[in-house]
Amino acid sequence: MNSQELKMNFKEVYQADPDVLYFSPGRVNLLGEHTDYNGGYVFPCAISLGTWGAIRKRDDRQLKFFSGNFKKEGIITGDLDHLEYNPEAKWTNYAKGIIHYFEQNGYKIDAGMDIYIWGNLPQGGSGLSSSASIEMLFCGMIEELFGYKLDDLKAIKMGVDTENKYLGLNSGILDQFIIRKGKKDHAILLNTADLNYEYVPVDLGDNALVIMNTNKPRALVDSKYNERVKECNEALTVFQKDMKINSLSEVTEADLIKHMSELDSRHLQRVRHIVFENQCCLLGKEALDNDNLQEFGRIQNASHVSLQYDYEVSGVELDTLVHAAWKQPGVLGARMCGAGFGGSGIALISKDKVNEFEKNVGKIYEEKIGYASRFYTVEIVDGAHRLREED
Ligand code: GLA
């Protein structure tokens, strides 16, 4: 959607011009899954699918929300004095959570808002972070509207607090970090323990980054995610008996060997994944530095195997897509991405083979799973930012 369309759509709903136009991307994680709440490495990039927003200050304390994706629902009304979580309020909870944390952090929000949003990230747990995209959209729009300039980490923290404390999902910092700080044609190698990070150029050459969406209805993702967080915390206590460590990412292979007999099979699998996945991120960066996309793809494949068998977060839908992808001509690598249990996978594939790839993988998936998957070729783009009139 360009700025003019966004502005027109806003005007149609509110009969006035918006004050601020904004875009916030989705994300894929190239490597480093489920490591962020274990103090490990992640290696994500921001993508050209995302959420667009237009906003205008009101002179009362009302909040008016309208989503171009759910036109039938019309304007959803709230107000600044009732920012508590309401399960019925759907996506507007992300916005209310962010406004709540502006206030909590001492940034006064003393005027209501008219809000229009529209997004092209697949809905319902696509694994591409539509929720963090909306959170960072609101963070940025409100900063612009009220003239606040937040430190990036503070903005990111508000998004994470919205997920952890407001919505009750124990997720890490991956999604909000990349959506706020992403850079065109770069991935970020982020160490989630100390938040040091590095922009790593991603030159895809003649290859494309393709998202494979399972279209699996979202079910139980949050509770299964929180279960993994719990298992990792339990495993950590085993190492902490004789080691001064704060997270599983400080466990080396030697530590793992030493403590292996004290872990049951489930906890051993979880730790093995974390140790291995952190290595994958570092090896992946090396491969990109050496312009070796073939090697990068192999590392992605290995990462999927670890997520499938050791961390057990993929499931038949993602495995069907990823395993089918591995067999297609022109594919350098493919893996699940995000929390898992459905959602999306990604593939690196020669541009001239994308059509054939989508046809073949789509067919195998539909035959096995009983409904269609969906494919999106995406670009790597900048993080959340204000749009100019000419964008
Ligand atoms: C979700 C969470 C992230 C991260 C990924 C798995 O996207 O929001 O914090 O844990 O899953 O890597």
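## Who surrounds the ligand

Let's start at the ligand. The residues around it are Arg 27, Glu 33, His 34, Asp 36, Tyr 37, Ser 171, Gly 172, Leu 174, Asp 175, Tyr 225, Gly 338 and Ala 339. Keep in mind that this is a predicted model.

Sort that shell by class and you get four nonpolar, four polar and four charged residues.

Now for some distances. A polar atom in the side chain of Asp 175 sits 2.5 Å from an oxygen atom of the ligand. Asp 36 also uses its side chain: an N or O atom there is 2.6 Å from a ligand oxygen. With Ala 339 it's the backbone that takes part, with an N or O atom 3.3 Å from an oxygen atom of the ligand. And how much of the ligand's accessible area does the protein cover? On its own the ligand has 300 Å² of accessible area, and the protein covers 94% of that.

## Where the domains meet

The domains also touch each other: 36 residues of domain 1 are in contact with 42 residues of domain 2. Between them they bury about 3,000 Å², with 66% of that on carbon and sulfur atoms.

What about polar links? Across this interface there are 18 residue pairs in polar contact, and the count of salt bridges between the two domains is two. Look for Glu 33 and Arg 335, too: their side chains meet in a salt bridge, at 3.0 Å from N to O. You've already come across Glu 33, as one of the residues around the ligand.

Definitions and conventions
Residues are numbered from 1 along each chain as its sequence is written. This is a predicted model: local features need pLDDT of at least 70, side-chain atom pairs count only at pLDDT 80 or more; totals for chains, interfaces and linings use all residues. Side-chain values use heavy atoms; hydrogens and water are left out. A residue is near a molecule or strand if one of its heavy atoms lies within 4 Å of it. A polar contact is a pair of N or O atoms within 3.5 Å; within protein, one must be able to donate a hydrogen and the other to accept it, and residues adjacent in sequence count only if both atoms are side-chain atoms. Accessible areas come from the Shrake-Rupley method with a 1.4 Å probe; for residues, only the protein chains shown count as cover. Ala, Val, Leu, Ile, Met, Phe, Trp, Tyr, Cys and Pro count as nonpolar, Asp, Glu, Lys and Arg as charged, and the others, Gly among them, as polar. Contact means heavy atoms within 4.5 Å. Buried area is the accessible area (1.4 Å probe) that two parts lose on being put together, summed over both. A salt bridge is a side-chain nitrogen of Lys or Arg within 4 Å of a carboxyl oxygen of Asp or Glu.
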